[in-house]
Amino acid sequence: ALISDCKITAQFEIKQYSVTVNSNEGGSWSPGIPERVDHGSSVSFSLTADTGHSVSTVEGCGGILTGNTYTIGSVEGDCEISIEYAIKTYIIGPYANSGGAIIPHTETRLAYGETATYEVIPSQYYYLKSISGCDGTLDGQTYTVGPARAHCRFSATFERIKYSITQDPE
């Protein structure tokens, strides 16, 4: 039996893998990750945190975060990227000179956009001369700060009450 010449045709396709992204609210990424990525491809995308948020963690697919760009050097299998955005927090610090107190008198940590209230109480024979800082407003003895957008300090100045004594002429 004679074997005749034959032509064999083969078609090759590059393997593709699924790259998925899971993220909580608080930001976005661009461009969107394609559902299928060629074997050995490099994929990069930018992370953008919403106002009042920051990127907490990014991990998965062997990627590296540089600045706000996450880069996967070589896709070699199905993988998942996890992005965690966090609400920014700020430290609010009260300060009062002698002659009164701010309650609470310790630093407070507020989430972006939160407000906090403090009681401003003069000591006996003192009065509140002034109070300012942290975009606060005074209503009676309550000082409300915020909404928080940055670390800040507010201060109260108390002054001794002075009395004038006059004598009635007779």
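Reader: How many aromatic pairs does a search of the whole structure find?
Author: The model is a predicted one, and the search finds 3 aromatic pairs in it.

Reader: Which residues do the ring pairs link into a cluster?
Author: The cluster consists of Y118, Y143 and F154, linked by ring pairs.

Reader: Turning to disulfides, how many does the structure hold?
Author: There are 2 disulfides. One joins C61 to C79, with an S to S distance of 2.1 Å. C61 lies in the loop between β5 and β6 and C79 in strand β8, so this bond ties together parts that are 18 residues apart in sequence.

Reader: And C134, to which residue is it joined?
Author: C134 is joined to C152, with an S to S distance of 2.1 Å. The torsion about the S-S bond is about 125°, so this disulfide is right-handed.

Reader: Is C134 buried or exposed?
Author: C134 counts as buried, because its relative accessibility of 12% is under the 20% limit. C152, at 24%, counts as partly exposed.

Reader: What is the order of the strands in the open sheet?
Author: The order is β11-β9-β16-β13, and the pairing of these 4 strands is mixed.

Reader: Which strands stand at the edges?
Author: Strands β11 and β13 do; each has a single partner strand, so one side of each is left without a neighbour in the sheet. On average, neighbouring strands of this sheet are turned by 25° against each other, direction ignored.

Reader: How many bridges join β9 to β16?
Author: These two strands run parallel and are joined by 5 bridges. G93 stands opposite R153 in β16.

Notes:
Residues numbered from 1 in each chain as written. Predicted model: local features only at pLDDT ≥ 70, side-chain atom pairs only at ≥ 80, totals over all residues. Heavy atoms only, no water. Phe/Tyr/Trp six-rings, centres within 6.5 Å; stacked < 30°, edge-to-face > 60°. Pairing = 2+ DSSP bridges. Axes fitted to C-alpha atoms, helices over the stretch in contact; angles between N-to-C directions. Disulfide = S-S within 2.5 Å. Buried < 20%, exposed > 50% of the residue type's maximum accessible area, 1.4 Å probe, protein only.
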